[in-house]
Amino acid sequence: MDIKDRFKMLTDELANSKRRLDFDGFLARIGRHDLSGKLTANTPWVYFSQEVYREKDLGLKGDGGLGVLAGDISKIAEDLAMPLTVVTPFYSGKSRQALFNYWESDGYETLIPGEHGFEKVGKVKLKSLAYSEIPIAVYVKRRGSVNIITLYEPNIGLLYYSESNSDHRLYQEVVSGFAGYQALISAGIEPAIIHMNEAATVFGAVARLDDICSHGVGFDDALSAVRDTAIYTNHTLLPAAEGVFDIKQFEQLVFTNLKNDAVIDWVKTKFGNDGKIRLSTLALEIAARRNGVSLLHSRLSSQNYRDRAGNSVEFSNVTNGVAGRWIDDGMLDLLTDKSAIDEYGLPTDDFASRLNNISIDELRDIKAAGRQKMNQILKYRQDQRGNPIHIPEDAILFDYKRRLVSYKRFDMIFKDLNRLADILSRNNAHLLFTGRPHIGDSNMIKELHDILVAIDSNPTLKERVHYIQNYDEEVAEALILGGNCAVNIPIVGQEACGTSWMKDIAACKILVSTTDGGVADVTPPVYLEVNGVTYEQEAESLYSRMQQACEIIKDDISYREQTIHQIQAYLPIISGSRMIRDYLNLGFDNN
Ligand SMILES: *Cc1c(COP(=O)(O)O)cnc(C)c1O
């Protein structure tokens, strides 16, 4: 049997599930009936991503927001019955964080796709200068209208293994791009759109260009066909942070997988005078459609990026949204009952006034249930000392949950330990924080260690501040549901969008935040804004906002007013279906 036959016979994991929407109905709802029939099982939207974060039901573990976005897009497509195929590597392992004496160490677990419900449909082959044949296994999972194609080879290694300009990283990118494209073609799939989630996936589009040329189409026509149907979604604010390779690396691994000299010659023209190629430059050249992921980020991208000729490029904007998986069922029911969202998960025309019908009792009930669910999960997790965590029902809970990278500034919360202790004890409050330093980020590992030691030596903080080990989707879910006030303090201009804060707003929490990423889509601020010219001023602002949040949470009238204002301002942004609508409009011109 070949790949095509096996592909037809895949088990549909959603075959017996009840609620399935009709994609044509969604297209009608968003005024795009013209797209009816454009996306089909054989001509789907194809989404390339080096990271997909959907561990519970797909068995794919990611690292951060980029992977959560990919996971959410696949989940929303599933719910809307949108024909979508995801192409991603299957990493052969994952690391898990554990603390020893407050020092981070990493455990390692080997992963095999067959053990995570993926079915093998065959293999495809790559070439390098060193090896004439590198077999790559193709595994697929089918969930309704969505296929997840993963490419596996035992040496593919960990997600984000090694440096972004390393041979190994290029290899992982070649695997998903070139082997992924071959898998699509072998399965009889002709992409209607190739969507690149970051420039690292550009080889999917390059493979398509090569394939069209191989069918006898002239290079220029092939390029314009690919350009017009390719989307490049950028998440990176600093072009310098992206993958950069030299010609030797491309000769070793990339050109060996291209059949047409015209394509190789074209790629060669994208190298700069320094003899290096940036994948973002290649992505800009091969995709006529491109976007940033919040208004601020799209504007900064348009200012920062240049094409190969040095001309500025325009980025459209599609602010990230989140899938229903991040919103508590009770809250989704409430939003539906109040007619604030429709069956497709889009805000209704009069959602803002509908939201005014939510009562304080309904809000408090949701929070009480959320706290219980959180404690249920945290019973099986470990704090910094290895103990399970339980937060009393009547305590106010602050939470901070994100990767520990310096621009997100978790350290600011701990700038003045006495001040923090005072806020927590005065308000019967606790702080849960979680997040992993990047493997090998020794500065951040030390910073986490030092802060945990300092917490230990302060009796109030020791009782009221809990670090949760091994941040993952489950911990995220727990804190989203159980917290009362979320803290989000990236350096303004450095968070592409961020989505944790959306999940927090949808969980009826008070948001304390800098005006950055997607938070800045709405002006003037409806959240408790952290601002200041210097770090010290911002820290001062943070503490007074935390105190203010406690006062709001304790008062029924202010609490109801504040949470409803936040949801009124952000519901259209939070809606994952709104994001899908925006991507459809970006991918297909509205004639
Ligand atoms: C939502 C989520 C993210 C994205 O968080 P931001 O820091 O807001 O970008 C990352 N990891 C997990 C587990 C999440 O649930």
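Author: In this predicted model, aspartate 342 has a relative accessible area of 17% and is therefore buried, the limit being under 20%. Its side chain meets that of arginine 29 in a salt bridge, with 2.5 Å from N to O. Arginine 29, by contrast, is partly exposed, because its relative accessibility is 33%. The two partners come from distant parts of the chain, 313 residues apart: aspartate 342 sits in the loop between helix 12 (329–337) and helix 13 (351–355), while arginine 29 belongs to helix 2 (residues 23–29).

A second pair is formed by lysine 94 and glutamate 55, whose side chains meet in a salt bridge at 2.5 Å, N to O. Lysine 94 is in strand 3 and glutamate 55 in helix 3, so this bridge ties together parts that lie 39 residues apart in sequence. With a relative accessible area of 18%, lysine 94 is buried.

Aspartate 399 lies in strand 14 (residues 396–401), and lysine 509 in the loop between helix 19 (500–506) and strand 18 (510–513); 110 residues separate them. Aspartate 399 counts as buried at 1% relative accessibility, and lysine 509 is likewise buried, at 0%.

Salt bridges also form a network, which links Glu13, Arg54, Asp57, Glu78, Lys141 and Arg143. For the model, the count of salt bridges comes to 38.

The chain is divided into domain 1 (3–321) and domain 2 (362–574), and 30 residues from domain 1 and 37 residues from domain 2 take part in the contact. About 2700 Å² is buried between the two domains, with carbon and sulfur atoms giving 54% of that area. Of the area that domain 1 buries against domain 2, Gln97, Tyr102 and Glu104 supply 27%, more than any other three residues.

Across this interface there are 2 salt bridges and 13 residue pairs in polar contact. On the side of domain 1 that touches domain 2, the elements giving two or more residues are helix 3 (55–58), strand 3 (93–100), strand 4 (103–110) and helix 11 (295–304). Strand 3 gives the most, with 5 residues. By class, this side of domain 1 has 12 nonpolar, 10 polar and 8 charged residues. Finally, the side chains of lysine 56 and glutamate 477 meet in a salt bridge at 3.2 Å, N to O.

Conventions
Residues numbered from 1 in each chain as written. Predicted model: local features only at pLDDT ≥ 70, side-chain atom pairs only at ≥ 80, totals over all residues. Heavy atoms only, no water. Domains from an automatic or database assignment. Contact = heavy atoms within 4.5 Å. Buried area = accessible area lost by both parts, 1.4 Å probe. Salt bridge = Lys/Arg side-chain N within 4 Å of Asp/Glu carboxyl O. Polar contact = N/O pair within 3.5 Å; in protein donor to acceptor, adjacent residues only side chain to side chain. Helix = DSSP H or I, 4+ residues; strand = E, 2+ residues; numbered from the N terminus. Nonpolar A, V, L, I, M, F, W, Y, C, P; charged D, E, K, R; others polar. Buried < 20%, exposed > 50% of the residue type's maximum accessible area, 1.4 Å probe, protein only.
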